[in-house]
Amino acid sequence: MFSRLTLCAAAAAVCCSSPVLARSEWRAGGKLLLTNGVSTVDGPAGGGLATWAVIAGEETSDGIGGSVHATYVPLRDFALTGVGAAIGYRDRIEISVAHNSFDTRAAGAALGLGRGFRFNQDDIGVKVRLFGHAVYDQDRLLPQVAVGLEYKRADKDAIIHAVGGRHASGVDVYVAATKLLLRHSLLLNGTVRLTRANQFGLLGFGGDRDHGYRPQAEGSAALLLSRNLAVGAEARTKPDNLGFAREQDSYDLFLAWAPAHHLTVTTAYVDLGDIATFRRQTGAFLSLQASF
């Protein structure tokens, strides 16, 4: 296991050659600004939409870090509100929890549920870094690789079964690989997720069209424009299990800003595709994250 001193020394050597990053960008716990990611809608550290292999919090292998977040995603016909927290243990293990509430607003009345009807979901996740380090392994191409599990539980069992969903709860399994190319100020991530979640699990798991687990892909690319500002794009594929409404893949274009060492603000344009027969659910993604 690397000590913090070793990690910082390696990072400093690389940062001296980077046009963007320098020692002043280290977080209090030892990580560089923005390299611990931002909380995803599922709770783990990532890019907001896609899960990354990085561990939440600012601490390196010498300590315990963590983060809390609040997210608001206003779409054309719906709105998602989420809160959560994550703990990163010695930059190796991450435990995350999240609660999401999906407001059907006026669309709820059109669906026969009532205006402002809400679906709620609780997520519990664990992620383990297997090998590699996204930041400090700059002398080789090996990315940071992590595996994770997410248990998700939605609260509207009767409605989920009425629309064709099989279960109100389910487990996602994923493998993520993340690499920061400091010389190019570029972060790349790829994730493969085994899931049968409908609309991230808000409409249950499995359906009348398909019930089995299918691998889904998540990809992210982010460019560090300055020491505390990054712009990027993400894509995330989703299963299409329910017969009553098609489900498409999702995308975002994001801007992440760290105005202080312990604070990250993320804004994005998101396209979540059709939701419950309502077409093209595009809108904003707004997230505030505090970390230590």
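Leu286 counts as partly exposed because its relative accessibility is 38%, a value between the 20% limit for buried and the 50% limit for exposed. The model is predicted. Leu286 belongs to strand 14, which covers residues 282-291. Elsewhere in the structure there are seven cavities of 30 Å³ or more.

**Surroundings of Leu286**
- Beyond its neighbours within four places in sequence, Leu286 makes contact with Ala70, Thr71, Tyr72, Thr266 and Thr267.
- Trp257 lies 29 residues from Leu286 along the chain, and the C-alpha atoms of the two are 12 Å apart.

**Largest cavity**
- The volume of the largest cavity is about 190 Å³.
- Its lining is made of 18 residues, of which Val41, Leu80, Phe200, Leu202 and Leu272 are the closest to the centre.
- Two or more lining residues come from each of strand 5 (93-103) and strand 6 (118-131).
- By type, the lining of the largest cavity has eleven nonpolar, four polar and three charged residues.

**Second largest cavity**
- The second largest cavity has a volume of about 120 Å³.
- Among the 14 residues that line the second largest cavity, Leu34, Trp52, Ala222, Leu224 and Ala230 are the closest to its centre.
- At least two residues of this lining come from strand 10 (214-226), and at least two from strand 12 (250-260).
- The lining of the second largest cavity consists of eleven nonpolar and three polar residues, with no charged residue.

Notes
Residues are numbered from 1 along each chain as its sequence is written. This is a predicted model: local features need pLDDT of at least 70, side-chain atom pairs count only at pLDDT 80 or more; totals for chains, interfaces and linings use all residues. Side-chain values use heavy atoms; hydrogens and water are left out. On a 1 Å grid over the protein atoms alone, a cavity is a set of points where a 1.4 Å probe fits but cannot get out, and a pocket is an open set with protein on both sides within 12 Å along at least five of seven lines; lining residues have an atom within 4 Å of a point. Grid points are joined across faces, edges and corners, and a volume is the space filled by probe spheres set on the points. Helices (H or I, at least four residues) and strands (E, at least two) are DSSP runs, numbered from the N terminus. Ala, Val, Leu, Ile, Met, Phe, Trp, Tyr, Cys and Pro count as nonpolar, Asp, Glu, Lys and Arg as charged, and the others, Gly among them, as polar. Buried means under 20% relative accessible area, exposed over 50%, partly exposed in between (1.4 Å probe, protein chains only). Contact means heavy atoms within 4.5 Å.
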